[in-house]
Amino acid sequence: MNCNDHQFQGLDPATQMALSRRTFIKGSAGGIGLAALGSIIGTPAFAANPGLGFPNFKPKAKRIIYLFQSGAPSQLDLFDPKPEMEKMRAKDLPESIRKGQRLTTMTSGQKSFPVAPSIFKFKQYGQSGAWFSELMPHMSTKADAWCVVRAMHTEAINHDPAITFMQTGSQLAGRPSIGAWSAYGLGSENADLPAYVVMTSFGSGRPEDQPLYDRLWGAGFLPSKLQGVKLRNKGERVLYLKDPDGIPREVRREQLDELAALNNQRHDVLGDPEIQTRISQYEMAFRMQTSVPDLLDLSKEPQHVLDLYGPDVKRPGSYASNCLLARRLCERDVRFVQLFHMGWDHHVGLPNAIKGQCNDTDQATAGLLTDLKQRGLLDDTLIVWGGEFGRTIYSQGTLTETNYGRDHHPRCFTVLMAGAGVNQGTTFGETDDFSYNIVKDGVHVHDLNATILHLMGVDHKRLTYRYQGRDFRLTDIHGDVVKQLLA
Amino acid sequence: MRQSGDNAAKLAWTFRHVVRRDATAEELSVLHKGLEKRLATYATDKTLAPKLLATGLSPAPTDLDHDQLAAWTATTNILLNLDETVTRE
């Protein structure tokens with residue numbers, strides 16, 4: 001049996017091997033094939049992809065916690081101070097800065113583009129002197145842990161394409177997400193939990209916005225067992241963990257064994273890799289019936305640890321409680337943990353709304369860093385904090401002394417990194433006086449993703465997957481590892 | 001359970017009605033062995049069947065043996081969760 005047979009295309013090498021062996025046994029000894037089932041079912045969900053050769057070099061980060069701030073936080077009110085803008089207050093954004101660049105239709109019809117200086121006070125913190133606004137009283141205490149990437153830029157100008165671009169390297173839906181790519185290349189360290197776990201939370205800044213789609217953590221054309229598994233933020237985190245009344249554990253095991261046997265028989269006929277995904281996901285669900293209650297049991301978390309994350313940690317589904325769970329997932333060696341905190345889209349009423357967002361996230365984010373550090377996990381865990389684009393210096397809608405809004409701005413925004421292998425206590429990149437264009441050291445989304453993969457020991461140019469006749473990458477045909485962000 | 005014939009014949013009938021094709025001998029063998037195991041399990045522990053049958057909106061029929069009904073329920077559950085059943089290719 002040749003592994004390159006068309007029916008095996010699109011499978012990872014480990015599955016191809018298991019498959020061809022299985023087909024061989026069945027073909028040569030008719031019926032004994034069933035005995036080989038154990039060799040597929042007994043394998044941890046995707047323990048390794050030995051044929052792929054990842055990591056390419058020794059990784060700095062064994063795992064990542066990606067704190068996605070969905071809706072696009074204002075770099076102008078948090079990380080990128082422009083005090084001289086007070087002199088420009090309410091004056092029209094000069095054409096020499098705007099340069100006729102694309103605006104969203106939410107402000108392109110405005111008669112003027114009045115400059116709205118941030119009303120929040122900035123200070124430098126720590127040895128590094130990194131700038132933070134007063135909205136981040138906790139994250140600023142970690143100034144020397146953060147690498148502030150101040151000249152990020154993206155190609156998308158609206159939320160969904162922009163988040164899709166950050167996640168998959170393409171604005172169009174359908175490519176694998178960065179977590180799925182990581183799980184594909186690096187496999188899982190814990191057979192009892194998914195390699196890619198996602199948690200979402202609603203923000204108090206804009207409680208109804210913005211919607212997220214499950215495809216943002218999807219596997220695209222990679223085997224779908226690699227997609228992110230989302231823990232719910234309302235009610236039970238994972239539904240149906242308990243077996244139904246009257247189905248003892250042994251019966252559940254029998255059912256799954258028989259399901260796998262029947263599904264495998266069908267797979268022999270069709271060769272559809274998605275059948276293997278279903279089998280492995282049923283098995284994962286069975287193991288999660290034990291591993292998830294243990295993960296979610298916070299009863300042994302001491303008060304001083306809960307206090308790190310702030311009072312919101314007690315509210316299930318909050319960003320703070322998601323941060324605590326992220327730490328617990330890290331302790332269990334889950335490869336890729338991604339949080340999405342919604343509500344950063346402040347077109348109007350920004351000052352009030354952003355206070356709510358920072359109240360949701362500031363203490364918990366800093367607490368997570370402290371907690372990880374105390375446990376020695378920050379040395380091999382990468383932290384990323386950021387949204388999908390930035391916000392405009394000019395006010396959307398009416399500008400007053402105390403109120404303004406900001407529209408989407410893809411040409412510059414700030415992302416923070418911390419933890420494993422990161423050049424801590426540095427600020428990289430510069431924007432112009434209006435935080436409108438990049439002056440120095442721009443970092444494109446593909447560069448950031450290449451750098452993240454690099455920290456995880458993966459050469460982004462070698463992490464490819466052939467689909468419909470073309471080798472695809474997370475970074476498409478772009479991306480440079482940004483050496484200045486590395487320790 | 002009310003179909004005529006032995007358990008193998010009943011399983012074949014059930015498979016055909018759920019999956020819309022005839023089961024192979026291999027498939028029937030897996031199901032049959034499993035059913036026999038569960039018939040024994042639910043006959044041995046009489047506390048299980050009442051718990052299982054209390055679930056759901058329709059009341060359990062009174063003219064069928066409840067231990068056997070539970071064993072059949074746990075077996076047909078497998079058919080309803082087959083990749084082939086839940087996915088239209």
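Biologist: How many residues of chain A are in contact with chain B, and how many residues of chain B are in contact with chain A?

Modeller: The model is a predicted one. In it, chain A and chain B touch through residues on both sides, and the count is 22 residues of chain A and 24 residues of chain B.

Biologist: What area is buried between chain A and chain B?

Modeller: Carbon and sulfur atoms give 57% of the area buried between the two chains. On the side of chain A, Glu258(A), Leu262(A) and Gln265(A) lose the most area to chain B, together 26% of what that side buries. The area buried between chain A and chain B is about 2100 Å².

Biologist: Which residue of chain B forms a salt bridge with Glu258(A)?

Modeller: Between chain A and chain B the count is four salt bridges. In the one formed by Glu258(A), the closest N and O atoms are 2.7 Å apart, which lies within the 4 Å cut-off for a salt bridge. The partner of Glu258(A) is Arg38(B).

Biologist: Which element gives the largest share of the side of chain A that touches chain B?

Modeller: Ten residue pairs are in polar contact between chain A and chain B, both residues being at pLDDT 80 or more. The elements of chain A that give two or more residues to this side are α7 (249–270) and α8 (273–296). The largest share, eleven residues, comes from α7(A).

Biologist: How many charged residues does the side of chain A that touches chain B have?

Modeller: By class, that side of chain A has eight nonpolar and five polar residues. The count of its charged residues is nine.

Biologist: How many disulfides are there over all chains?

Modeller: A disulfide requires two cysteine sulfur atoms within 2.5 Å. Over all chains, the count of disulfides is zero.

Biologist: How far is the sulfur of Cys358(A) from the closest cysteine sulfur?

Modeller: Cys330(A) is in no disulfide, the nearest cysteine sulfur being that of Cys323(A), 11 Å away. Cys330(A) counts as buried because its relative accessibility is 0%, and Cys358(A) is likewise buried, at 3%. For Cys358(A) the closest cysteine sulfur is in Cys323(A), too far for a bond, at 14 Å.

Biologist: What is omega for the cis peptide bond that joins Asp209(A) and Gln210(A)?

Modeller: Gln210(A) lies in the loop between β5 (196–201) and β6 (229–231) of chain A. For the cis bond joining Asp209(A) and Gln210(A), omega is about -25°.

Biologist: Is Lys99(A) buried or exposed?

Modeller: Lys99(A) is found in the loop between α4 (95–98) and β2 (122–125) of chain A, and its phi is positive, near 55°. Its relative accessible area is 54%, and the cut-off is over 50%, so Lys99(A) is classed as exposed.

Biologist: What is phi of Asp441(A)?

Modeller: Most residues other than glycine have a negative phi. Asp441(A) lies in the loop between β14 (438–440) and β15 (443–444) of chain A and is partly exposed, with a relative accessible area of 31%. Phi of Asp441(A) has a positive value, near 60°.

Notes. Residues are numbered from 1 along each chain as its sequence is written. Chains are lettered from A and ligands numbered from 1 in the order in which they are written. This is a predicted model: local features need pLDDT of at least 70, side-chain atom pairs count only at pLDDT 80 or more; totals for chains, interfaces and linings use all residues. Side-chain values use heavy atoms; hydrogens and water are left out. Buried means under 20% relative accessible area, exposed over 50%, partly exposed in between (1.4 Å probe, protein chains only). Contact means heavy atoms within 4.5 Å. Buried area is the accessible area (1.4 Å probe) that two parts lose on being put together, summed over both. A salt bridge is a side-chain nitrogen of Lys or Arg within 4 Å of a carboxyl oxygen of Asp or Glu. A polar contact is a pair of N or O atoms within 3.5 Å; within protein, one must be able to donate a hydrogen and the other to accept it, and residues adjacent in sequence count only if both atoms are side-chain atoms. Helices (H or I, at least four residues) and strands (E, at least two) are DSSP runs, numbered from the N terminus. Ala, Val, Leu, Ile, Met, Phe, Trp, Tyr, Cys and Pro count as nonpolar, Asp, Glu, Lys and Arg as charged, and the others, Gly among them, as polar.
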